Amino acid sequence: MNSTGEVCLPGGGSHQSEGAGAESECPICRGAQIVHPRLEGGRPDYSRVVPCVCIRAKLEAVKKKRLLSMCELPKKALKWTFETFEILPGLEEAYEAALELAEERADSNWLTLMGGTDRGKTHLLTAICHRWLDKGKPARYAYVPVLFDELRRGFRGEGDLSYDARWDFFLSVPLLALDDLGTENKTNWVQERLDTLVDYRLTRGLALVVTTNLPMEDLPFRIRSRLSREGRVVYIAAPEYHTRPDRRAS
Ligand SMILES: [Zn+2]
């Protein structure tokens, strides 16, 4: 990670490392867990401290765990990455489009995956989330039919977050993954919230990935016009995933 190397804190050897025995003490920071970085010329920069290499992996793991929990992926999707995706005939374009967006080399950072149920859309959607989380960037998965129930729970003060905090997160998280758009309640409140969400993210250039089982013309007008005008839409015509013998058990 840091190729410049670090130098031990002055007097670092006298630090008491809580709970760690002398034999497990880090030889670089001697238990202080912070070190001075080196300047260009190799001299220690005593004006700054950075986490020692011995704690950095732990901090990374904590950050990764936190990002994963904030993303709220469904349990079944924890292993749905690009590496575990089987590119069946008919899925090549969707796979490529998802990968391009995940690696931030697509022309647009909006992608809609359309097609019948069980075509691997949700797998690709969550694979994009996993790739972002791996880069240390926040992402949020939301199953659209329950997204608005979750927001309403914030109104009633249930859970850790208020409605405003939940809503702000959906608006501004760098990547929002909306699974199964079109199956939400068609109340005015829900449709107005969805419009706001999509418009807000559009004006700020924030990434949005959507899956839907519906044909484009069955989605609400404002949303479908934005999805098709501002982003890429890929229609998946592959056979159902579960009809394959090796998929039946999963
Ligand atoms: Zn150390």
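**Close-up 1. Strand β5 meets strand β6.** Strand β5 (residues 139–143) runs parallel to β6, and five bridges join the two. Strands here are DSSP runs (E, at least two residues) and helices are too (H or I, at least four), numbered from the N terminus; two strands pair if DSSP finds at least two bridges between them. Look for Tyr 141, which stands opposite Ala 177 in β6. This is a predicted model, where local features need pLDDT of at least 70, side-chain atom pairs count only at pLDDT 80 or more, and totals for chains, interfaces and linings use all residues. Residues are numbered from 1 along each chain as its sequence is written.

**Close-up 2. From β6 to β7.** On to strand β7 (residues 207–212), which is parallel to β6 and joined to it by four bridges. Here Leu 178 stands opposite Val 210.

**Close-up 3. Thr 211 and its neighbours.** Thr 211 lies in β7 and counts as buried because it has 27 C-beta neighbours inside 10 Å. Its C-alpha atom is separated by 6.5 Å from that of Leu 178, 33 residues apart along the chain. Leaving out residues up to four places away in sequence, Thr 211 touches several residues, including Lys 121, Thr 122 and Asp 179 (contact: C-beta atoms, placed from the backbone, within 7 Å).

Key. A residue is buried if 20 or more other C-beta atoms lie within 10 Å of its own, exposed if 12 or fewer, and partly exposed in between; C-beta atoms are placed from the backbone. Two residues are in contact if their C-beta atoms, placed from the backbone, lie within 7 Å.
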